Amino acid sequence: LCASKRLSRLKGLVMATKSEFITNMTASWIAQKSPFPFELAAGKKYAWCACGRSASQPLCDGSHKGTGISPIVITAEKSETVYFCGCKRTRTTPFCDGTHSTL
């Protein structure tokens with residue numbers, strides 16, 4: 001290849017890498033491909049991790065900073081066991097809808 005074609009290809013690779021990096025920073029990570037059973041206490045607030053980066057899954061630990069993704073905050077109406085989404089792809093945030101089975 002001539003020098004200009006090689007340079008053009010190289011620029012394309014750099015742009016692809018840059019867009020992949022941006023996507024990785026703004027996309028939710030899959031924390032696990034199954035739900036998190038979680039015991040809620042009536043009246044208590046919980047912040048569900050929507051980014052998948054939290055070390056204290058399924059709850060938020062602030063790891064989302066800089067991603068443009070925010071946690072989902074809920075207040076438990078009653079004490080019960082719920083199943084928080086682990087794959088972060090649910091359509092019923094923050095609860096599991098089975099989407100993980102398609103990943």
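The model is predicted: local features need pLDDT of at least 70, side-chain atom pairs count only at pLDDT 80 or more, and totals for chains, interfaces and linings use all residues. Residues are numbered from 1 along each chain as its sequence is written, and side-chain values use heavy atoms, with hydrogens and water left out.

## Overall architecture

Of the 103 residues in the protein chain, 28% are buried; buried means under 20% relative accessible area, exposed means over 50%, and partly exposed lies in between (1.4 Å probe, protein chains only). The accessible surface of the protein chain is about 6,700 Å², and carbon and sulfur atoms hold 58% of that surface. Accessible areas come from the Shrake-Rupley method with a 1.4 Å probe, and for residues only the protein chains shown count as cover.

A contact is defined by heavy atoms within 4.5 Å. Among the contacts in the protein chain with a separation of 6 or more, 58% are between residues 24 or more positions apart.

## Strands and their faces

Two strands pair if DSSP finds at least two bridges between them. Strand 1 and strand 4 run antiparallel and are joined by five bridges; Leu40 stands opposite Glu80 in strand 4. Strand 2 and strand 3 also run antiparallel, with four bridges between them, and Lys45 stands opposite Thr75 in strand 3.

In a regular strand the side chains alternate between the two faces of the sheet. In strand 2, Tyr46 and Trp48 make up the covered face, and Lys45 and Ala47 the uncovered one.

## The aromatic cluster

Rings of Phe, Tyr and Trp (its six-membered ring) pair if their centres lie within 6.5 Å; planes under 30 degrees apart count as stacked, over 60 as edge-to-face and the rest as tilted. By this rule there are three aromatic pairs. Two of them are set out below.

| Pair | Centre distance | Plane angle | Class |
|---|---|---|---|
| Phe38 and Tyr46 | 5.5 Å | 85° | edge-to-face |
| Phe38 and Phe84 | 5.4 Å | 55° | tilted |

The pair of Phe38 and Phe84 links distant parts of the chain, since Phe38 belongs to strand 1 (residues 36-40) and Phe84 to strand 4 (residues 80-84), 46 residues apart. Phe38, Tyr46, Phe84 and Phe95 form one aromatic cluster.

Phe38 counts as buried because its relative accessibility is 19%. Phe84 is also buried, with a relative accessible area of 0%. Leaving aside residues up to four places away in sequence, Phe38 touches Tyr46, Pro58, Leu59, Glu80, Thr81, Val82 and Phe84.

## The nonpolar core

A nonpolar core is a set of buried Ala, Val, Leu, Ile, Met, Phe, Trp, Tyr and Cys residues joined through side-chain atoms within 4.5 Å. The largest such core has 15 residues, and Phe38, Leu40, Tyr46, Trp48, Ile74, Val82 and Phe84 have the most contacts inside it. Strand 1, strand 2 and strand 4 each supply at least two residues of this core, and strand 1 gives the most, with three residues.

## Loops and backbone features

Thr67 lies in the loop between strand 2 (45-48) and strand 3 (72-75) and is buried, with a relative accessible area of 4%. A polar atom of the Thr67 side chain lies 2.6 Å from the backbone oxygen of His64. A polar atom of the Thr67 side chain also lies 3.0 Å from the backbone nitrogen of Ile69. A polar contact is a pair of N or O atoms within 3.5 Å; within protein, one must be able to donate a hydrogen and the other to accept it, and residues adjacent in sequence count only if both atoms are side-chain atoms.

Most residues other than glycine have a negative phi, and most peptide bonds are trans. A cis peptide bond joins Gln57 and Pro58, with omega about 5°; Pro58 is in the loop between strand 2 and strand 3. Another cis peptide bond joins Thr93 and Pro94, with omega about 5°, and Pro94 lies in the segment after strand 4.

Lys88 is not a glycine, yet has a positive phi of about 65°. Lys88 is in the segment after strand 4 and is buried, with a relative accessible area of 9%.
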